[in-house]
Amino acid sequence: MVTHGVRMLAERSAASRSVPDRVCWCRISYRQHFRPPAALREIRHADGTRTHELTVDLGQVVSPQDLQRCFAEALDGPQRAPGVDIGRFGPVGASPIWEFNAAFWNHMPGYMAAVGRGVRESIGGSPDDGQARTREHARRFGTLLAAAAAAAAGADTASGARPARPLAYLDVGAADTGYAETLIRHLAATCHTPMHYVVADRAAGALRRARARLGPGRGPVSVRYLALDLAQPARALEEYRGRLLTVHLTNLLDNLPGEELVQVDGRHYLLHTCLYLPAAALEQLARQHRLDPGQLAADLSNLADTGVDPFLAHYRDRLAVRGGAAGEHAWFLFWQDLFGNPADRSTGLKLRERLVEVPDAGIVSWPAPAGPLPPEVLAPGPDRRIPLSDRAIGACLRLIGLLHPRGVLEVTDVMLRDQRGAAPYAAYHGPAKFDGSVVNWFNGGLLMQLAREAFPGCRATWRSPASPGRAHMTTLEVDRGAP
Ligand SMILES: C[S@@+](CC[C@H](N)C(=O)[O-])C[C@H]1O[C@@H](n2cnc3c(N)ncnc32)[C@H](O)[C@@H]1O
């Protein structure tokens with residue numbers, strides 16, 4: 001297909017028809033994501049000049065005729081693909097897609113019931129399903145707990161101090177409680193020291209369901225429930241400062257917004273996007289859900305001002321008029337067709353993309369306690385993309401700062417391991433979609449580097465792969481380095 005494409009572009013050029021300055025071919029394996037089959041991406045240089053790059057997703061182009069049509073749409077039509085824009089261009093980490101993601105987790109049970117799938121199925125399974133892995137986690141936590149308790153008891157006896165408050169296992173992400181149920185059972189059977197098992201999530205509904213399933217705990221394991229936005233973990237977790245012996249994050253950091261730095265010809269650009277619903281998808285959505293297309297277009301174009309939650313609530317009311325539970329069901333199906341139905345790639349929101357040069361990549365904002373982006377990340381090299389995972393790495397650094405001296409942060413996710421935090425230019429690492437959620441690969445290599453700089457003496461180790469047969473699912477562990 002690429003050979004066909006190169007020939008077509010040469011023919012266009014010979015016939016003096018418009019051709020892009022660059023072409024980026026890729027094959028996106030996610031069933032749903034935010035890229036159309038082909039799109040023209042503007043590159044804004046710091047000196048005010050602009051060039052254009054054509055991006056082609058070979059996963060969505062099935063024949064040379066298809067490719068010919070995509071080229072004509074992207075290169076001969078108006079510069080912008082027709083559709084309703086939702087807001088303006090801005091850094092991808094500020095896109096409304098992240099509000100859609102949060103709304104999905106708030107309504108997850110109803111959404112999944114309406115589309116007829118379980119949450120683990122929706123996200124392509126989880127390493128937390130593995131019973132042997134969970135048993136191993138219980139054994140390791142038991143060993144850590146016994147050592148930390150023995151060290152603390154020795155210090156208390158020597159100083160005459162009261163024993164410290166119980167040490168804790170923090171498990172963030174309560175969408176599925178299978179892992180917590182198994183781990184608590186093993187810990188209750190094997191540990192003798194009182195401990196807190198802290199279940200945390202940003203979604204209130206997930207915490208309520210977790211409480212109903214897990215209860216107050218058993219034996220020495222007391223279960224606590226914590227409303228926590230991982231993007232700002234410090235305040236909610238203050239009471240656990242110095243008591244966190246394990247922080248467990250599986251399939252979590254891929255849910256946090258992040259910026260993307262792109263290196264082309266030795267220069268650095270930030271990815272800016274504008275969310276839109278293509279015209280054909282809008283018509284199909286309105287027809288399928290018996291809505292007025294003009295009104296729907298107007299509501300979508302206001303969505304960046306009204307916010308995603310009020311928009312969805314408005315359509316819930318409108319579709320509920322059609323009747324009780326059936327109306328609720330119809331609302332979730334509308335939501336799925338708007339966001340992107342995995343069974344039909346012609347549906348769903350897309351992102352227009354633009355690269356905006358940042359003359360000094362050091363200006364990329366970075367959360368404390370990390371310093372500026374390490375210079376080697378920005379060193380000249382082949383063209384590449386650097387998912388900064390800035391909110392996620394910021395969260396990890398704050399969590400490491402809250403750990404017990406013997407504590408461990410354990411991250412399992414779709415992970416980039418390159419020490420310079422880079423991925424090949426054409427590779428696609430998100431944002432992609434799983435039903436109503438958004439998935440971004442996590443830049444583990446960059447976390448490793450920044451953690452070592454922020455916490456001298458800490459140890460960062462890869463444990464890979466986290467799941468047999470899923471090499472991209474990696475575990476990264478960081479401990480504070482206490483002997
Ligand atoms: C993909 S599920 C992971 C569940 C489980 N760890 C697993 O692997 O099956 C993601 C969970 O993260 C929660 N979540 C998403 N963003 C969050 C944030 N910023 N802070 C805290 N929890 C968040 C969601 O509510 C959801 O429960």
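Helix H10 (residues 279-288) and helix H11 (residues 293-306) pack at an angle of about 120 degrees, their axes lying 9 Å apart; helices here are DSSP runs of H or I with at least four residues, strands are runs of E with at least two, and both are numbered from the N terminus. The axes are lines fitted to C-alpha atoms, for helices over the stretch in contact, and the angles run from 0 to 180 degrees between N-to-C directions. This is a predicted model, in which local features need pLDDT of at least 70 and side-chain atom pairs count only at pLDDT 80 or more, while totals for chains, interfaces and linings use all residues. Residues are numbered from 1 along each chain as its sequence is written.

H10 and H11 are therefore oblique to each other, given that angles under 35 degrees count as roughly parallel, over 145 as roughly antiparallel, 65 to 115 as roughly perpendicular and the rest as oblique. H10 passes H11 in a right-handed crossing, a crossing being right-handed if the near helix is turned clockwise from the far one by less than a right angle, and left-handed if anticlockwise. On the H10 side the residues that meet the partner are Leu282, Glu283, Leu285 and Ala286, and on the H11 side they are Pro293, Leu296 and Ala297, where contact requires C-beta atoms, placed from the backbone, to lie within 7 Å. The residues of this contact of H10 with H11 divide into six nonpolar, no polar and one charged; Ala, Val, Leu, Ile, Met, Phe, Trp, Tyr, Cys and Pro count as nonpolar, Asp, Glu, Lys and Arg as charged, and the others, Gly among them, as polar.

The contact is made by His4, Gly5 and Met8 of H1 together with Pro64, Leu67, Gln68 and Phe71 of H2, and by class the contact of H1 with H2 has four nonpolar, three polar and no charged residues.

Turning to the strands, E3 (residues 38-44) and E4 (residues 50-57) pair in the antiparallel sense over seven bridges, two strands being paired if DSSP finds at least two bridges between them. Within this pair, isoleucine 43 stands opposite threonine 51 in E4, and arginine 44 has arginine 50 of E4 as its bridge partner. The hairpin of E3 and E4 has five residues between the strands, and glycine 48 in it takes a positive phi near 95 degrees. E3 also pairs with strand E13 (residues 350-357), in the parallel sense over three bridges, and here arginine 44 stands opposite valine 356 in E13. E4, for its part, pairs with strand E1 (residues 22-26) in the parallel sense over five bridges, with leucine 54 in E4 as the bridge partner of valine 23.

Elsewhere, three strands form an open antiparallel sheet in the order E2-E17-E18. Strand E2 (32-33) and strand E18 (437-439) stand at the edges, each with a single partner strand, so one side of each is left without a neighbour in the sheet. Three bridges join strand E17 (residues 432-434) to E18, and lysine 433 stands opposite valine 438 in E18.

Key
Two residues are in contact if their C-beta atoms, placed from the backbone, lie within 7 Å.
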